[in-house]
Amino acid sequence: MARWTGEWLPGTGTGDHTAPKWPGEAFGLPESGVGSVAGFGSRLLALVVDLVVAGLITTLFVRYDLQDVAAMQTFNWWAGVVWAVITTIPVTFFGFTVGMAATGIRVARLDGGSMVGPWRAIVRMILTVVIVPALVRNADGRNWLDRVTGTVVIRMR
């Protein structure tokens, strides 16, 4: 599957076509433990936690009424804006969101930079909204978000 899902994207590995023994091996990451590539389950759980937090924050400022379609559309729109803010800003400066911190994962740059930076965080957020790039992963456990931005999601604990 990795052959047709975008190995042409920048930062996708060493260029040889041998399958790695474990996700992240091509980048010098350990097979397990701190610093290893985070699994799909922890990434998904982090996203769900972030969405719940965004919804809870939105309820502080925007009225929601399950019986009123217009009110719910407004609520959902603002919840999306809140989610974009609470994912982009923390990832820019700290490398993780509230959900990522709860699940023990973070975003790391492959070039060794200390901060993910704003352009990488914004591109990751936009591609997450599209959903498909977030779901398609290669043998290194990296999805399109990671490959486009030159990042990898690793375990913190």
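**Figure 1. The salt bridge between D65 and R63.** In this predicted model, D65 pairs with R63, and their closest N and O atoms lie 3.7 Å apart. A salt bridge here is a side-chain nitrogen of Lys or Arg within 4 Å of a carboxyl oxygen of Asp or Glu. R63 is exposed, at 52% relative accessibility. D65 is partly exposed, at 28%. Buried means under 20% relative accessible area, exposed means over 50%, and partly exposed lies in between (1.4 Å probe, protein chains only). Side chains of opposite charge can pair when their charged atoms come close. By this rule the count is six salt bridges.

**Figure 2. D111 with R109 and R120.** R109 forms a salt bridge with D111, with 2.7 Å between the closest N and O atoms. R120 also meets D111 in a salt bridge, at 3.8 Å from N to O. R109 is partly exposed, with a relative accessible area of 23%. R120 is buried, at 11%.

**Figure 3. A salt-bridge network of R43, R124 and D146.** Salt bridges link these three residues, R43, R124 and D146, in a network.

**Figure 4. The largest nonpolar core, around V91.** Nine residues form this core: A38, A46, V91, M100, I105, V107, V116, A121 and V153. A nonpolar core is a set of buried Ala, Val, Leu, Ile, Met, Phe, Trp, Tyr and Cys residues joined through side-chain atoms within 4.5 Å. Beyond its neighbours within four places in sequence, V91 is in contact with F96, T97, V107, V116 and A121. Contact means heavy atoms within 4.5 Å. Another core, of six residues, lies apart from the largest one and includes W83, A84, I86 and M125.

**Figure 5. The nonpolar surface patch.** F40, L44, L45, V48, V52, L56, I131 and L135 make a patch of about 720 Å². Patches are made of residues with over 30% relative accessible area and no salt bridge; like charges are joined within 9 Å, nonpolar side chains (Val, Leu, Ile, Met, Phe, Trp, Tyr) within 5 Å. Areas come from the Shrake-Rupley method with a 1.4 Å probe; for residues, only the protein chains shown count as cover. Helix α1 (residues 40–59) gives the most to the patch, with six residues. L56 sits in helix α1. Its relative accessible area is 53%, so L56 counts as exposed.

Figure 6. The protein has six helices and two strands. Helices (H or I, at least four residues) and strands (E, at least two) are DSSP runs, numbered from the N terminus. Of the 157 residues, 41% count as buried.

**Figure 7. Confidence, from helix α3 to residues 1–6.** The mean pLDDT (the predictor's confidence in each residue, from 0 to 100) is 85, and 89% of the residues score at least 70. Confidence is highest in helix α3 (residues 98–103), at a mean of 96, and lowest in helix α5 (residues 132–135), at 77. Over residues 1–6 pLDDT stays under 50. Where pLDDT is low, the predicted coordinates should not be read in detail.

Residues are numbered from 1 along each chain as its sequence is written, and side-chain values use heavy atoms, leaving out hydrogens and water. In this predicted model, local features need pLDDT of at least 70 and side-chain atom pairs count only at pLDDT 80 or more, while totals for chains, interfaces and linings use all residues.
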